[in-house]
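This report is for a reader who has not seen the structure before. Please look over the sequence and the model first, then read on.

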Amino acid sequence: MADLGDKDVEKATFAFGIYDFDGVGTVDAIHLGDCLRALGLNPTQANIEKLGGTKKKGEKQLTLEEFLPIYSQAKKDKDVGVYEDFVECLKLYDKQENGLMVGAELHHILLSLGEKLSDKECDEVLKDCMDPEDEDGMIPYVPFLARICERPVPDQIDPFIK
């Protein structure tokens, strides 16, 4: 791959090997998103499908030679939000500008906006990543996003300082 460096090819080959469950040199296209996420990317479900991912197991197999250009394309995609973008979005729900939002609003956002989560997925994400609500039903959203994006949770919660 001309546009992937040796280190990128090495990382991609390693990740590909992890998802080559049968050891035959192919990965089921249903695992394309998982493989790309293992490489530190954050593709949307729509992007995964556009790149050749499938929703059903066994529909399509990818070889490493097919995967490398997909990885290269996914790396170039700038249409994916990052941590800072997500903080800016949740600031819209921070009425007091104090780093807190209503926990029920976060639940609603996860269920209804963007790539919607199922009730079960939403409950699991909130259980694993959200701090307990205070007596007013408020939660700090910066630590939640840090956990979701696998970043260190900041000691001081000030969403207005980057």
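## How α1 and α4 pack

In this predicted model, the axes of α1 and α4 lie 10 Å apart, and the two helices pack at an angle of about 120°. Angles of 65 to 115 degrees count as roughly perpendicular and those over 145 as roughly antiparallel, and α1 and α4 are therefore oblique to each other. The crossing of α1 past α4 is right-handed.

On the α1 side, the contact is made by D8, V9, K11, A12, T13 and F16. On the α4 side, it is made by L64, F67, L68, Y71 and K75.

## Helix α4

α4 covers residues 64-76. With 13 residues at 1.5 Å a residue, α4 should span 18 Å, and this agrees with the 18 Å between its end C-alpha atoms.

Which residues of α4 are buried? They are L64, F67, L68, I70, Y71, S72 and A74. These buried residues pack against α1, α2, α3 and the strand β2 (61-63).

## The nonpolar cores

The largest nonpolar core is made up of 21 residues. Those with the most contacts inside this core are A12, L32, L36, L39, L51, F67 and Y71. Two or more residues each come from α1 (6-19), α2, α3 (45-51) and α4. The largest share, six residues, is given by α4.

L51 is one of the core residues with the most contacts. Apart from residues up to four places away in sequence, L51 touches L32, L36, I70, Q73 and A74.

## The loop residue H31

H31 sits in the loop that runs between β1 (26-28) and α2 (32-38). Is H31 buried or exposed? Its relative accessibility is 17%, and buried means under 20%, so H31 counts as buried. Beyond its neighbours within four places in sequence, H31 is in contact with Y19 and F21.

## The chain as a whole

The protein chain has eight helices and four strands. Starting at the N terminus, the order of its elements is α-β-α-α-β-α-α-β-α-α-β-α. The C-alpha trace spans about 55 × 30 × 25 Å along its principal axes.

The chain has 162 residues, of which 36% count as buried. Among contacts with a separation of 6 or more, 57% are between residues 24 or more positions apart.

Conventions: Residues are numbered from 1 along each chain as its sequence is written. This is a predicted model: local features need pLDDT of at least 70, side-chain atom pairs count only at pLDDT 80 or more; totals for chains, interfaces and linings use all residues. Side-chain values use heavy atoms; hydrogens and water are left out. Buried means under 20% relative accessible area, exposed over 50%, partly exposed in between (1.4 Å probe, protein chains only). Contact means heavy atoms within 4.5 Å. A nonpolar core is a set of buried Ala, Val, Leu, Ile, Met, Phe, Trp, Tyr and Cys residues joined through side-chain atoms within 4.5 Å. The expected span of a helix is 1.5 Å times one less than its number of residues. Axes are lines fitted to C-alpha atoms, for helices over the stretch in contact, and angles run from 0 to 180 degrees between N-to-C directions. Angles under 35 degrees count as roughly parallel, over 145 as roughly antiparallel, 65 to 115 as roughly perpendicular and the rest as oblique. A crossing is left-handed if the near helix is turned anticlockwise from the far one by less than a right angle, and right-handed if clockwise.
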